[in-house]
Amino acid sequence: MCGIIGYIGQKDLCSVLLDGLKKLEYRGYDSAGIAVIQGGEIIKRRVKGKISALEQELKSSPIRGEYGIAHTRWATHGRPSEENAHPHQDCKGNIVVVHNGIIENYLQLKQELINQGHRFNTETDTEIIPHTIEKHFRGNLEQAVGKAVQELKGAFAIAVVCSQDRNKVVVARKGPPMVVGIGKNEYIISSDINPLLNHTRDIVFLQDREIGVVQPTGIRFSSFSGKPLEKKAERVSWNPVMIEKGGYKHFMLKEIFEQPQVMRDTLKGRISLDEGDVHLDEIGILKKDLNQISRIVIIACGTSFNAGLIGKYFLETIAGIPVEIEYASEYRYKDFIADQNALFIFISQSGETADTLAALREVIKKDLMTMAVCNVKNSSITREAKGVLLTHAGPEIGVAATKTFTAQMSALALLALYIAQIKKKMNKEQRLGYIQELQRIPHQMENILNKVRSIEAAALDFISYSHFLYLGRWVNYPVAREGALKLKEISYIHAEAYPGGEMKHGPIALIDEKMPTMVIAPRDRVIDKVLSNISEVKARLGTVVAVSNQDQKELSDKVDKVINIPEIHELFSPFLTAIPVQLFAYYIAAERGADVDQPRNLAKSVTVE
Ligand code: M6R
């Protein structure tokens, strides 16, 4: 939530900062601002609205600077407005700060600062930061920042510039991510690596309670307590092309179409058809430790949670281990059982989700076996978990998760096979059977994507409804949940998901001609039950659209629309059923003119509680 960018170098400052903000916009998009230093003076521009509004403002009122910082905001404290937009400043306007996170003790600090004569202009928690730095400032910015951050409670990543201690940007982190890119005679600071890729792939990742001082002559790091730190840049494998739209109207559509490749990339190098083996030694947990686990707990949020629900079926069916799945936001406050024989898996695209990270830390405190399934190498969750299984989805820019869902399912299927192999739960032929099924899936996905026009046509019949029910059973109940989540988050249509068998216990009362039902109905062990659920909906005048590979005749007699998928092993059908539900939501949202890639009120990476 919120994006920070800063630059010291030879390129055109405002262009670099604006371009960086555009690449960070998916982190927050309700207001934006920029501050540059020119000849010892700080010049700011701030606007309510998206980066395009800031761009307009800079066109009509241009500024130039030697170095500077900028921010795109997702409001927590204080409504979206120009005065609440970052950067915020101290009393004299000498110190300006951009911030990502929440300062939990800001009311208390604000009162103390007011008592000391500081004047505030905004409703934000952030504004206390420049004032606290001002209080400690004796001519050296990093020393003042070092003192100030020790007074702050909560989560923060900040970037600070000061007209009285020039040619430096000071950054600090406790919680939300902060990275520094090292280019040729230039430094770019940012809350995530995407904006850096056009400039460099050599990146230093700040850790919690670290401060960085970025100057034209170099960078140095210290702990909050002032102890100097040696930090090395790491080379990232992502490249700038990965974060372009590539001719698609929206990132979400591009990312849906990337799913066959994402699955191939996530399987690549990890399966062997000759031996019928899965190779996951890379995860960093010893085979002997995995061999002794008798229980798995999966912890995640949102789409990652839905992928975890599917992973539960993979792990229980293939590896024969009982799996529980919990929302991270609940688990972190729970008196959970410190089971030494359990593996705790944390699924997160970003690796920065505050609730998932906090739950991970609770589990680490009890010295239990933890593992991350994550898309971002070097993210907080990958650094703190004992084991790491990376999903190779590449950067996901659309706020709605799509390709990372597929990558997470792929990783969990691999993990299930790996554990089954270690625990000798199945023979080589059985494993090989599953591996071959997985390998076939990307091609089957392509078959669905090649018929995208028929899915678009189906979706366009449903754009004017205000409510939707999604039904699925067994391994496709989580897909129904994911379909409903996609529809509500990008089109703002109310959608609820239920396991088909639960409908008669309440939700069936909602069915009428104004409430269509999307049914996920691949041919599997529960298809007859799902067909009965469809009949129950039709008997109550509901409209039904089904995602299915069931015999055409049998299904088309019963439902209003069918979106066809190819034949697939029943356990792995979510890999295919997920794609039509993503596209269905996408086309409805796009046709309704919704802001598909940046839905209202959301942000890609939820780094606050
Ligand atoms: O980065 P994470 O996977 O930890 O994010 C968790 C959720 O915020 C995320 O999956 C969210 O639900 C999706 N972006 C919705 O499409």
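**Where domain 2 meets domain 3**

In this predicted model, 33 residues of domain 2 are in contact with 26 residues of domain 3. These two belong to a protein chain that is divided into domain 1 (3-243), domain 2 (251-447) and domain 3 (452-591), and the centres of domain 2 and domain 3, taken over C-alpha atoms, are separated by 26 Å.

The area buried between domain 2 and domain 3 is about 2600 Å², and carbon and sulfur atoms give 75% of that area. Between domain 2 and domain 3 the count of salt bridges is zero, whereas nine residue pairs, with both residues at pLDDT 80 or more, are in polar contact there. On the side of domain 2 that touches domain 3, at least two residues each are supplied by α6 (251-257), α7 (259-267), α9 (302-319), α13 (403-422) and α14 (428-450). It is α9 that gives the most to this side of domain 2, with ten residues. Sorted by kind, the residues on the side of domain 2 that touches domain 3 divide into 21 nonpolar, ten polar and two charged.

N533 is found in helix α17, which covers residues 527-538, and N533 counts as buried because its relative accessibility is 5%, below the 20% cut-off. Leaving aside neighbours within four places in sequence, N533 is in contact with L471, R473, G500, G501 and M503. V537 also has its place in helix α17, and with a relative accessible area of 0% V537 is buried. With neighbours within four places in sequence again left aside, the contacts of V537 are L471, M503, I511, T517, G542 and V544. V475, by comparison, is 62 residues from V537 in sequence and 21 Å from V537 in space, C-alpha to C-alpha.

L541 is placed in the loop between α17 and β26 (544-548), and its relative accessibility of 60% is the reason why L541 counts as exposed. The backbone at L541 has a phi near 70°, a positive value in a residue other than glycine. N185 lies in the loop between β9 (179-183) and β10 (186-190), and at 59% relative accessibility N185 counts as exposed. Another backbone feature is the cis peptide bond that joins H86 and P87, with omega about 0°; P87 lies in the loop between β4 (67-73) and β5 (88-89).

Charged pairs complete the picture. The count for the model comes to 41 salt bridges. In one of them the side chains of K604 and E396 meet, at 2.7 Å from N to O. This pair links distant parts of the chain, with K604 in the segment after α19 (574-591) and E396 in the loop between β22 (387-390) and α13, 208 residues apart. Both K604 and E396 are buried.

A salt bridge also forms between K561 and D461, whose closest N and O atoms are 2.7 Å apart. Here too the pair links distant parts of the chain, as K561 is in strand β27 (residues 561-564) and D461 in the loop between α15 (452-460) and β23 (467-472), 100 residues apart. K561 counts as partly exposed at 25% relative accessibility, and D461 counts as partly exposed at 45%.

How many residues apart are E489 and K486 in helix α16? The side chains of E489 and K486 meet in a salt bridge at 3.2 Å, N to O, and because the two are three residues apart in helix α16 (residues 477-491), about one helical turn separates them. E489 and K486 are both buried. Elsewhere, salt bridges that share partners join R173, D208, E352, R361 and E384 into one network.

How values were computed. Residues numbered from 1 in each chain as written. Heavy atoms only, no water. Domains from an automatic or database assignment. Contact = heavy atoms within 4.5 Å. Buried area = accessible area lost by both parts, 1.4 Å probe. Salt bridge = Lys/Arg side-chain N within 4 Å of Asp/Glu carboxyl O. Polar contact = N/O pair within 3.5 Å; in protein donor to acceptor, adjacent residues only side chain to side chain. Helix = DSSP H or I, 4+ residues; strand = E, 2+ residues; numbered from the N terminus. Nonpolar A, V, L, I, M, F, W, Y, C, P; charged D, E, K, R; others polar. Buried < 20%, exposed > 50% of the residue type's maximum accessible area, 1.4 Å probe, protein only.
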